[in-house]
Amino acid sequence: MVHPLLALSSVLLIGAVLQGTPIQRIAWFQGCWRMSAPGRVIEETWTAPAGRSMLGVSRTVRGDSLVEYEFVVLREDRGTVTYQARPSGQAGAVFKASLLTDSSVVFENPAHDFPQRIGYRRAGPDSLVAWIEGTIRGNLRRREFPYARVGCPG
């Protein structure tokens, strides 16, 4: 006969293994994403999880001109994921995951000027909504970026 506590611990262990590590839980980022708005196109590309990390790059294009870009490292360390951003024309910043589920993640850095929060929500198998949020001169600001999955070049 199997002891009830042993059976329960086995179920919990199997559940934890199926759930995966924090970086694996946001593997749905991987791939290429695009948002088109009047006068601009924003693209994000994310690598698959490897080495407890994911790499991302984004660019904003207006017409035939690159107007912004950003390099990002998502890194898992001791069960926490950080968002290490290197945006064009700005100092780098690190945001720590404050919420991480199988369909959303929020990264926060209360000391950062703007944004203080960066989030991603899986809206479907081929769509996600990214957002930035924070306070500017005492006013809460939020910008959303609805992305559709697109084929990756190459």
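Modeller: Happy to! Eight strands each bring at least two residues to the lining of the largest pocket: β2 (40-46), β3 (53-62), β4 (65-77), β5 (80-87), β6 (93-100), β8 (117-124), β9 (127-136) and β10 (139-150). The top contributor is β3, with five residues. Keep in mind that this is a predicted model, in which local features need pLDDT of at least 70 and side-chain atom pairs count only at pLDDT 80 or more, while totals for chains, interfaces and linings use all residues. Residue numbers run from 1 along each chain as its sequence is written, and side-chain values rest on heavy atoms, without hydrogens or water. Helices (H or I, at least four residues) and strands (E, at least two) are DSSP runs, numbered from the N terminus.

The space itself comes to about 650 Å³ in this largest pocket. It is lined by 32 residues, and those closest to its centre are E68, E70, P87, I132 and F145. For the method: on a 1 Å grid over the protein atoms alone, a pocket is an open set of points where a 1.4 Å probe fits, with protein on both sides within 12 Å along at least five of seven lines, and lining residues have an atom within 4 Å of a point. Grid points are joined across faces, edges and corners, and the volume is the space filled by probe spheres set on them. By type, the lining splits into 20 nonpolar, six polar and six charged residues. Here Ala, Val, Leu, Ile, Met, Phe, Trp, Tyr, Cys and Pro count as nonpolar, Asp, Glu, Lys and Arg as charged, and the others, Gly among them, as polar.

E43, E44, T45, R59 and P153 are the closest to its centre among its 15 lining residues. At least two residues each come from β1 (31-37), β2, β3 and β4, and the lining is made up of eight nonpolar, three polar and four charged residues.

Y69, a β4 residue, is partly exposed because its relative accessibility is 36%. The classes are buried under 20% relative accessible area, exposed over 50%, and partly exposed in between (1.4 Å probe, protein chains only).

A salt bridge means a side-chain nitrogen of Lys or Arg within 4 Å of a carboxyl oxygen of Asp or Glu, and the whole structure has eight. One of them joins E133 and R117, at 2.7 Å from N to O; E133 sits in β9 and R117 in β8, 16 residues apart. E133 counts as buried because its relative accessibility is 14%. Another joins D126 and R149 at 3.4 Å. D126 belongs to the loop between β8 and β9 and R149 to β10, so this pair ties together parts 23 residues apart in sequence. D126 is partly exposed at 47%, as is R149 at 32%. R142 and E144 also form a bridge, with their closest N and O atoms 3.1 Å apart. R117, E133, R142 and E144 are linked in a network of salt bridges. A130 is in β9 and is buried, with a relative accessible area of 5%.

Finally, some backbone details from the loops. Most residues other than glycine have a negative phi, and most peptide bonds are trans. The bond from F114 to P115 is cis, with omega near -5 degrees, and P115 lies in the loop between β7 (104-108) and β8. R78, in the loop between β4 and β5, has a positive phi near 55 degrees and is exposed at 76%.
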